[in-house]
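I opened this entry to look at how two parts of one chain meet. My notes follow the order of the look-ups.

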Amino acid sequence: MIRNYLKIAWRNIIGGKAYSAINILGLAAGMAVALLIALWVNNEYSYDKFLPGYQQVYQVRRNFNSNGETLTFSSTSLKLADALKANYPEIENVVPTDGNGSHGLLVGDKKLFLDGPRVGSDFLKVFQYPMLQGNAGSALTDAYSIVLTKATAISLFGSTDVINKVVKVDNTFNLKVTGVIDDVPLNSSLQFKYLIPFSLLEQTNPYMKGAHGSFGNNAFNIYVKLKQSVTYAQLSPKIKNMEKGENNVNAKNSEVIMQPMQDWHLYSDYKNGVASAGFIDYVRIFSIIGILVLLIACVNFINLTTARSEKRAREVGIRKAIGSQRKHLIFQFLIESALITFISFLCAVLFVQLALSPFNALTGTSIAIPFNSISFWAIAISCVLLTALFAGSKPAFYLSSFNPVKVLKGTIKVGRSASYSRKVLVVMQFSCSIALIISTVVIYRQIQYAKNRPSGYSISRLLTTSSNADLGKNYSALKNDLLQSGMIESVTMASSPATDIWLHNNIDYWPGKFAGETVEMGTISVSDDYFQTLGMQIQQGRNYSNVASDTQNVVFNQAAITRLRLKNPISQIISYGGGKLRIIGVVKDALMLSPFAKADPTMFLYNTNPQDNLIYRLSPNVNPHQAITKLNQIFAKYNPAYPYTYRFVDDDYNQKFGQEVLIGKLSGIFAGLAIFISCLGLFGLAAYIAEQRTKEIGVRKVLGATVGQLWFLLSKDFVLLVIISCVIASPIALYFLQGWLQKYDYRISVGPGVFIVSAVAAIVITLITISFQAIKAAIANPVKSLRSE
């Protein structure tokens, strides 16, 4: 019987090629979108879960009480690491790191400048990346050792057989290779090219001698691994207040918390000390979009099948008359639905396979369809069956309900009886599509609004290069050569790049401070010509005079002055780091962190040689390519052990919009596909209605109706449905978009223009879609349509 049903289903598909093609293409497009989003969502949820024992790995963080507002920081102290290791037997391993700095690697004439952290000796016990060479337990115990990734080993030595070979790091330390690990996958929160023992930093950096002495020295990251039988809920109350005993403003106002590894990627935003948001918001949004697009495709199937039910009515009547039961007819129609859905799924898999390469390039992922995964096929087949059941159940129950007597007498008008439900489904389709269009427009406007916001400094022609000991030692000569070359108009050094703030510190005292009040603000050490090079404007007071006495002075930005409530800041005295500083100037706020947020309160301290970031501006009218060639020669003179690396500051600044731009592009793509699928169904319905009203159109033409009048007659109902969809979609989209915009301090207001533009776009697309069928019917020869009369 099933074989017979399949034959009938196939004949029906072949018999109505146009409608079958629309059904299959629409359903395939919807399933392709759903499958692509599902693969992407699975990739986002898979972050860090490839590591054995990830469930017991946590990052230590601090909740800092800043005058009643809870701020969460990942920067912690080495004293905290020592205390966790010594006093809490529930913790198996404690791993301090210095973040993820960049270092120069030198082997013969091969020079690389790559990212790699300095990590505690238990790092590879906690993060169990696959070891290709060496022993994870002992690879980082020697201070003068290094662990390379596979790609780095091949770049430096040409192979992975490199144990005991030597790499010169920062043109200073000869480190012996003690291990090689597989390349870190893209779905890892930690990205690095090599690992250096933390003990090397402790043995060679004089600053580290006192680094273990205070909870307030928060300049490091700490990772821990709990013992197998221990949960964070058991440990949390014990560690929460462990810093409060120290007589330190920072420690007294801090609570120690931990975040599990599986939440690092998706839950990065903390509110009131709790990780409640982050990229998970977008994962959820696109999961909903995937379901909605698939739903739109299923609605197409339902609408087109029920619309053409009159052609199947006589078949149903005959089958019932010769003894078929309703359940057999339902089963037959569900088999047809399953066959169409299966064909659509095969097409969807093909579409996704073709789309993966550009999609991965857009999202920065390495997603692939897991053809060898049994679980993938089990889930996929289950979804295909559920989709077939959902899309086919209404047509199956509807078609099988026909009365055979009325059908065979020709007294049933099945096409009209289902028109109301079809209209409801069309409205639902277009409501979803128009909501996506509105969302895309708002996201685009929000991005452009932030991009057009004054940054507070000039980012054009500005470059930055990570500094090192050689550049710091030769800074004066290097600066002179750069200026003499004619390629550079200004040079400076700073402890943070132009588009970031690497350090935040507490101010101990300022005039008007309340008892117990705390202020933690950005801290940047700057050298000569910093404000001039970045193009930052002095609003009050003066710039640094480039003399040694300026180390006793400080310059604040406007946001810091507002935060400190200083009405006449110039010459006021503050206490910071155990010393006193005099305010000599106030600069205009610059957007060094998020362009969507308020400027971060920041103080700029004078330092003749910060030795972290070299910042320089190209001269006007200089060709950038020629300038880079010349600069490469100058840097090679003073920095021979390192390759010349640079970044354009405008590129770094534009990367701050990366997540929003990605979301905007994905929203636009999926909104376009949703509209395409909806219009595909609309095209099929328009063709069917034009076919059903052929004789009516012929009569109207004979009586003098023009093509325009007939086009209006066939189009007005569809346009009305789209207008109703706009009315429904607008408040729903507004509700969710207002919530999304609340996360930005600097945001647009959503006015009526967005909804008008989206509605006009939807109506125009609708008219274009249905006009072909409407005009085709309107210009047909009425003699042919009325011949049978």
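**Domain interface**

I started with the area buried between domain 1 and domain 2, which comes to about 1,300 Å². Carbon and sulfur atoms give 52% of that area. I then asked which residues of domain 1 lose the most area to domain 2. They are Asn67, Lys111 and Phe113. Together these three make up 42% of what the domain 1 side buries.

I noted that this is a predicted model.

**Bounds and contacts**

I took the bounds from the domain assignment: 54-264 for domain 1 and 462-655 for domain 2. The centres of the two domains, taken over C-alpha atoms, lie 28 Å apart. Next I looked up the contacts. On the domain 1 side 16 residues take part, and they touch 13 residues of domain 2.

How many salt bridges cross the interface of domain 1 and domain 2? I found zero by the rule. For polar contacts, the rule gives three residue pairs across this interface, with both residues at pLDDT 80 or more.

**Elements on the domain 1 side**

I listed the elements that give two or more residues to the side of domain 1 touching domain 2. They are the strands β1 (57-66), β4 (102-107) and β5 (110-115), plus the helix α8 (249-252). Which element gives the most to that side? It is β1, with four residues.

Last, I sorted the residues of this domain 1 side by type. I got six nonpolar, seven polar and three charged.

How values were computed
Residues numbered from 1 in each chain as written. Predicted model: local features only at pLDDT ≥ 70, side-chain atom pairs only at ≥ 80, totals over all residues. Heavy atoms only, no water. Domains from an automatic or database assignment. Contact = heavy atoms within 4.5 Å. Buried area = accessible area lost by both parts, 1.4 Å probe. Salt bridge = Lys/Arg side-chain N within 4 Å of Asp/Glu carboxyl O. Polar contact = N/O pair within 3.5 Å; in protein donor to acceptor, adjacent residues only side chain to side chain. Nonpolar A, V, L, I, M, F, W, Y, C, P; charged D, E, K, R; others polar.
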